[in-house]
Amino acid sequence: MNTNQKIAALRLAMQAHQLDAYILPSGDPHQSEYVANHWKSRQWISGFSGSAGTAIITSDHAGLWTDSRYFLTAEEELKGSELILHKQVIPHAPEHIEWLVTSLRSGSVVGLDGTTFSIAQVKALEHAFHEKGIKINHSIDLINDIWKDRSPLPENQVFEHDLRFAGVSRIDKINLVREKMKADFHLISTLDDIGWLLNIRSNDIQCNPVTIAFVVVGQAKTHLFIKQSKVSEALANTLKNDHVELHPYENINTFLSELPSGKTIQIHSGSTNTSLYNSIAKEQIVAGANITMELKAIKNPTELAHIDNAMLKDGVALTRLYRWLDKTLDERTVPEVEVAEKLAGFRAEQDDYHGESFGAIVGYKENGAIVHYSPHPDTCATIKKEGILLLDSGGQYLDGTTDITRTTSLDGKPTAEQKRNFTLVLKGHIALANMQFPLGTSGIQLDAFARQYLWQHGLNYGHGTGHGVGFFLNVHEGPQGISPSIGRGSQVFQQGMFTSNEPGFYKTGEYGIRIENLIVTEATSTTAYGTFLKHKTVTLFPIDSKLIDKTLLDENEKKWLNDYHKEVFEKLSPWLDAAEVGWMRVMCLPC
């Protein structure tokens, strides 16, 4: 079926169930950002491949809501269908809910699959719909019956993340959770939290080394709900010795419904799906935090030491990629997709490499202005030795997750406007990397420092400035973020957090600019005014000086850049051959 035929089939199912609207989110039962193919219902019905978006189908309208990162992608992918793109003004804002309230008549019924909506999401819908008398049916999956070739649940093997990398045993992590529990049990649905807690990994979601599972931590035992064929006998015995009991994945609802009388369970409304919530007797529920999210955000000393090593390996891989690209462009043009494949190959040569942390964004010229652009063999641009290339990529290593963006001038002849805008982005990047701030500062406060120089010229960018990063886990990790919006932007920064610093600028139809390093939050000093923190930059790769208008940098900014390049050269040189060292020396010349 094409997109319009899929929408027509869904409308027939809606009529049979007397629904006036049906909502398809981007998530799964674990509130994942990136989901296994089995749960890509919104992508299946709309054809839109972005990781963020909501589709709503009514009897006379089909709409897709997404934010500015995906506007250009969505416009292209929705062509030829009846789907209308609704451009969100504010990322993650519930603008689709406002549309439903305005568009539906009183007494209408909205359908959704409660396994893919969190408690908080459904409560937000109920609150918005209450005054107009719109009802919700959250117990119906209409997609399953019409998606005839739906992918099965993934069945990749689970493996143990060795203690020499993790730094803290699963027993100790479970005990940390128990110390913070406000109930007899704690339900954990989020896949990266489960991987962190039990020191296990898998490949169930592309680029995210997690396994599809649920966990319930009790006072005596931890219960892991997973397809048991995915767990080897040896690992099952190891888990059993650590008092982790295995259950079939599909038994989670029954387990929750049969909790002993008088016992309570702590759940987090933002990460627990509505189907699970409805399985629990309401008097047994204790609302609380997702404890593991807060614990895993603070990287332990072992993790931090390994992160430094992962950055060395990533810097070596990128050095080989850019040298290869420079040489090859002297001889021929290069498709964008070949750059992504070549970089993955260079990373794969490094020790303990597991895979990409996300599909590389290789944006040449105007494609660089598409924030989450993904090159495809049949449609990607051909790179010549001219113009600007934006490359955003990352690797998954057993000893860390990387994420780096570099914007480069391929011929060394950028326009004055390009140099100005690149330098404004760089100034914001340096401001965030250089600043000292008091404990208690949130991501919303930090965000403005990165945008200030663009703002002075009436410029801006539509994405957040930074996101939390996992340790051999998801490249996007909560709870912290550097953003102008509430949510992750409201999180207070703490020592040990691992985050990206990535301001940018995008001129539609011409070029994109982004400079991204990863940073670790450290304590600097304690004064009469409290404890102060700073960010340590850990990514190691030069920033293209050919794009810098040095007249726009002050002495402190030049010092930061020169110090950074000195560190890059000193740390990477021992891992490079003579020719690579010579290339790196030129790239790291003082400003």
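**Salt bridges and a buried strand**

At 14% relative accessibility, Arg11 counts as buried, because the cut-off for that class is under 20% relative accessible area. The model in which this residue sits is a predicted one. Glu82, by contrast, is partly exposed, with a relative accessible area of 31%, and Glu82 forms a salt bridge with Arg11 in which the closest N and O atoms are 3.1 Å apart. This pair links distant parts of the chain, since Arg11 belongs to helix H1 (residues 3-16) while Glu82 lies in the loop between helix H3 (71-77) and strand E4 (84-87), 71 residues apart.

Side chains of opposite charge can pair when their charged atoms come close, and the count of salt bridges here comes to 32. Among them is the one between Lys296 and Asp192, whose closest N and O atoms are 3.4 Å apart; the two residues, in helix H13 (residues 291-297) and helix H9 (residues 191-198) respectively, are separated by 104 residues, and both are buried. Glu477 and Lys299 meet in another, at 2.7 Å from N to O. Because Glu477 lies in strand E25 (residues 477-482) and Lys299 in the loop between H13 and helix H14 (301-329), the pair ties together parts that are 178 residues apart in sequence.

E8 runs antiparallel to strand E10 (residues 214-218), joined by four bridges, with Val215 as the bridge partner of Ile188. With strand E13 (residues 265-267), E8 pairs in the parallel sense over two bridges, and there Phe185 has Ile265 as its bridge partner.

Note on methods
Residues numbered from 1 in each chain as written. Predicted model: local features only at pLDDT ≥ 70, side-chain atom pairs only at ≥ 80, totals over all residues. Heavy atoms only, no water. Pairing = 2+ DSSP bridges. Salt bridge = Lys/Arg side-chain N within 4 Å of Asp/Glu carboxyl O. Buried < 20%, exposed > 50% of the residue type's maximum accessible area, 1.4 Å probe, protein only.
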